[in-house]
Amino acid sequence: MQSINLIPQQEVLEQTKEKAVRFSTWFSVAVLVILGGIAGFYIYQTQTIKEQIKGLDGEIAGFRGEISKLAQVEVSARNLDKKYATLKDIYANRSLYSLLSTEVVARRPEGIVIDSITLQKGSTVNITGHADNYISIALFTNNLVSTQYDKGDPLLKTLFTTVTLNSVSLEKSRNIVRFSINVDLSLDLLKEKISGHTKD
Amino acid sequence: MDTQKIKNTIINFLVPILSLVTCLILFVTVIYPSFTRIPLLRQDLEGKTKLRDVLSDKKIRLGRFIDFKTVLEENSMLVNRVMPDEENVPGLLDQVDQIARESGFDVTRLSYSLGETGSNEANDVTYSSVLISLGADGTYPQMVSFMKAIESASRMVNITNYRFSTGSGEETDVLSLTFILSAPFMKVQSSAVTDEPLALDLASPDFVAFINKVKGLRYFEKSGDSARKLGNEVSPEEIIEALEEAEQTSESSQSQ
């Protein structure tokens, strides 16, 4: 059986309008409540942070006042601190070349005379000298890079990393052999350690 | 007729319209400005909290320094010997000269120049140096002894470069030595900087080890006749020239 809608068209329109008004009202009120809540949260947050900042400003002003009364001690302590930090850095990075000079001599075999030691850029040192024979020069270069060599400083066993023989020439008038070698160093081993440093 | 229709619609939707307008006003005047301002306020709060902590820590440390004022003064004096506030060239040259002579050197040249600057980047601190050129005649053991004495002298002197060559005379043991030395000094601030942190802790093991090391350095009293020994001021270029000259001498003595 077919149902017949007897509600007049005007009444249907009125009902639809009423539904739209009700829905829009509830929806807008809901949005208003949500936004109101968010706004309240933000206002609370802002106020709280502002109060915290105000409190901190007070504390900071108090500390500044107390510290400025100790200005003389502050200057003295700060200057000591700066010098301490700088000196610590310099000590940690400076090379003790006395160790190098001692170690070169310790590894020098009989018959080798060192004529010059010249520090070069980076971690290389040039050593020139003369010897009675070629074997002494070979022994010297081997001693420098040997980690088994036991007559030097035990802490400096690996001080000399590579040796490059630049020149060897015979000086017949004096019956000597002149040599020039470049030696690469492990500079870290020459660095001073403030507590338990390598220097004797 | 139409106006009446609009009026009716407005009256029917009055609550939603008012709500939406209020929402808009809330968004424009409260929500959006707060949304943008709160991160800035938080940043400010964080900065001020840090500053408060720095100042609080500094106040405690300064309080301790007052309690140990004599220790602070003594340590400052010791550190000032190692790195003075001023160049103090006469004292420095006197120290180098004393060490050289004690080591047995025959000093042939002693000159200085100013101007080299170094920095400690970690602490944003800069310092200056006095460069010294020392020429001397001496033996190898004397050279090692000089280097050891320089490295353990109370005023810090670093060996920047050194070279030696055998003399051309009969005494083959005697070397012609050239040292380039640098001695740092640091000009200090005399005014207080309240907000800067102070990391110094007089009781820290690192600091105690450092002070013990400084105490172990040898202090050279002024010899009293430093005027005799004082070198003349030269430019840094002249010091480099001296080094090059020594290198040439070394090369020529080798070729002989």
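**View 1. Helix 2 of chain A and its buried residues.** In this predicted model, helix 2 of chain A has a run of buried residues from Ala77(A) through Arg78(A), Asn79(A), Leu80(A), Asp81(A), Lys82(A) and Lys83(A) to Tyr84(A). Val73(A), Glu74(A), Thr86(A) and Leu87(A) are buried in this helix too. The helix covers residues 71-93, 23 residues in total. From its first C-alpha to its last it reaches 33 Å, close to the 33 Å expected at 1.5 Å a residue.

**View 2. Glu18(A), out on helix 1.** Look for Glu18(A) in helix 1 of chain A, which spans residues 9-69. Glu18(A) counts as exposed because it has 11 C-beta neighbours inside 10 Å.

**View 3. Where chain B touches chain A.** Here 75 residues of chain B are in contact with 64 residues of chain A. On the chain B side, helix 2 (14-67) gives the most, with 29 residues. Other elements of chain B that give two or more residues include helix 3 (69-82), helix 5 (140-151) and helix 8 (236-255). Sort the chain B side by residue type and you get 43 nonpolar, 19 polar and 13 charged.

**View 4. A strand pairing across the two chains.** Strand 1 of chain A (residues 112-119) pairs with strand 3 of chain B in the antiparallel sense, over two bridges. Zoom in on Thr118(A) and you'll find its bridge partner, Arg163(B). Arg163(B) also has a bridge partner in strand 4 of chain B, namely Thr178(B).

View 5. Strand 2 of chain B pairs with strand 4 antiparallel over 11 bridges, and Val130(B) stands opposite Ala183(B). Strand 3 of chain B also runs antiparallel to strand 4, joined to it by eight bridges.

View 6. Chain A has a mean pLDDT of 88, with 95% of its residues at 70 or more. Over residues 195-200, though, the pLDDT is below 50, and this stretch has eight contacts in the model beyond near neighbours in sequence. Where pLDDT is low, the predicted coordinates should not be read in detail.

How values were computed
Residues numbered from 1 in each chain as written. Chains lettered and ligands numbered in written order. Predicted model: local features only at pLDDT ≥ 70, side-chain atom pairs only at ≥ 80, totals over all residues. Helix = DSSP H or I, 4+ residues; strand = E, 2+ residues; numbered from the N terminus. Expected span 1.5 Å × (residues − 1). Buried ≥ 20, exposed ≤ 12 C-beta atoms within 10 Å, placed from the backbone. Contact = placed C-beta atoms within 7 Å. Nonpolar A, V, L, I, M, F, W, Y, C, P; charged D, E, K, R; others polar. Pairing = 2+ DSSP bridges. pLDDT = per-residue confidence, 0-100.
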